[in-house]
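Open the model in your viewer and keep the selection tool ready. We will go stop by stop, saying what to select and what is there.

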Amino acid sequence: MKPEYTAHLTPWEYKVIAEKATDPPGEGGYTNHFEPGTYHCRACGAPLFESSAKFHSGCGWPAFDREIPGAIMRKPDFSYGMVRTEILCMHCGGHLGHVFEGEGFTPTNTRHCVNSSSIVFHPTDKQELVIGVPDFHHCQEFASRIEGVLSVECGFAGDGAHLFEALRIEYDPHQTSPVRIISTLVERTTQDLRRSDYWHCFVRDGSQTPEIPPNVSSGPLLRYTPASEEHQWFLRKAGIVRTQK
Ligand SMILES: [Zn+2]
């Protein structure tokens, strides 16, 4: 798998996603999780399953009776003396689990048996934060490791007069907040890069300014453009941030 998909994974998540290990069965992880939202690939962030497809199978792993069309690849798996069908993320090739048919659990007669370690849940009420940062390559890395942060994109945000390096962050409001995200970014950047030159919270038209740390300015977001693909996860592609195996 490409390093930009694996550098942020814990050693265990790497074992599951890149080396096809299996989470121990149990009631933990997402097995008994039934909130409204979407489950995404933990490696690349691609959406894989809607919460409406999730059902209780009693097998000890999260179970889905259908995938988001085109999100999943199937592959025959003859390991451990069994004949099974492996499922992988179509976008990055990360291992998800196996698919079983003909068990009669739900009308689709299909059970995608998925490792919690392979997926991340995005709630329906996830929020967005656009923030001008001093160095989007490093800040993308820092932000991706904050608990409750669901996705981070490098981009350029404008207040009408200038365009600034920025991050567009999606986060779970039940787990974190703009104050916590921005404070962590400011702290990491000051510590690791010895830079504290530019922090600005951009607010989309019609949205309220979130509560932000006192040393951070805010203003309207008049323009946002994602940075080109080469800027996304630049430090991973350049080999500066590596997978911890
Ligand atoms: Zn993926």
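Which residue in E14 is the bridge partner of His 200? Select His 200, then look across to E14: the partner is Ser 217. Keep in mind that this model is predicted.

**Stop 1: the sheet around that bridge**

Select E13 and E14 together. Four bridges join them, and the two strands run parallel. Six strands form an open sheet in the order E14-E13-E10-E12-E11-E15. The pairing in this sheet is mixed. Strands of a sheet pair through backbone hydrogen bonds, either parallel or antiparallel.

Find the edges next. Strand E14 (217-220) and strand E15 (223-226) stand there, each with a single partner strand, so one side of each has no neighbour in the sheet. On average, neighbouring strands of this sheet are turned by 35° against each other, direction ignored.

**Stop 2: two helices**

Show H4. This helix lies across E10, E11, E12 and E13. H4 runs at about 35° to E10.

Now select H3. Is this helix mostly covered or mostly open? H3 is mostly covered, with eight of its nine residues buried. Among the buried ones are Phe 136, His 137, Cys 139 and Ala 143. The cover over the buried residues of H3 includes E11, E12, H4 and helix H5 (234-237).

**Stop 3: the largest nonpolar core**

Select Ala 143 and Leu 167. In the largest nonpolar core, of 25 residues, these two touch the most other members. Six elements can be coloured here, each giving two or more residues to the core: strand E10 (127-132), helix H3 (136-144), strand E11 (149-158), strand E12 (163-171), helix H4 (178-193) and strand E13 (200-203). E11 gives the most, with five residues. In soluble globular proteins, nonpolar side chains tend to be buried together.

Zoom in on Leu 167. Leaving out residues up to four places away in sequence, its contacts include Ile 131, Phe 136, Ala 143 and Val 152. Apart from this core lies another one, of 21 residues, with Tyr 30, Cys 41, Ile 87 and Cys 89 among them.

**Stop 4: two domains**

Colour the chain in two parts. Domain 1 covers 3-122 and domain 2 covers 125-237. Their centres, taken over C-alpha atoms, are separated by 30 Å. The contact takes seven residues from domain 1 and eight residues from domain 2. On the domain 1 side, helix H1 (3-6) and strand E9 (119-123) each supply at least two residues. That side has three nonpolar, three polar and one charged residues.

**Stop 5: a three-strand sheet**

Stay with E9. This strand belongs to an open sheet of three strands, in the order E2-E1-E9, with antiparallel pairing. Strand E2 (47-50) and E9 stand at the edges with a single partner strand each, so one side of each is left without a neighbour in the sheet. Neighbouring strands here are turned by 30° against each other on average, direction ignored.

Five bridges join E1 to E9. Select Cys 41: its bridge partner in E9 is Ile 119.

**Stop 6: strand E8**

Last, select strand E8 (residues 110-114). How many of its five residues are buried? Four are, and E8 is mostly covered. Strand E7 (residues 95-101) pairs with E8 in the antiparallel sense over five bridges. There, Glu 101 has Thr 110 as its bridge partner. Strand E4 (residues 63-64) also pairs with E8 in the antiparallel sense, over two bridges. Finish on Phe 64, whose bridge partner in E8 is His 112.

Conventions: Residues are numbered from 1 along each chain as its sequence is written. This is a predicted model: local features need pLDDT of at least 70, side-chain atom pairs count only at pLDDT 80 or more; totals for chains, interfaces and linings use all residues. A nonpolar core is a set of buried Ala, Val, Leu, Ile, Met, Phe, Trp, Tyr and Cys residues joined through C-beta atoms within 7 Å. A residue is buried if 20 or more other C-beta atoms lie within 10 Å of its own, exposed if 12 or fewer, and partly exposed in between; C-beta atoms are placed from the backbone. Domain bounds come from an automatic or database domain assignment. Ala, Val, Leu, Ile, Met, Phe, Trp, Tyr, Cys and Pro count as nonpolar, Asp, Glu, Lys and Arg as charged, and the others, Gly among them, as polar. Two strands pair if DSSP finds at least two bridges between them. Axes are lines fitted to C-alpha atoms, for helices over the stretch in contact, and angles run from 0 to 180 degrees between N-to-C directions.
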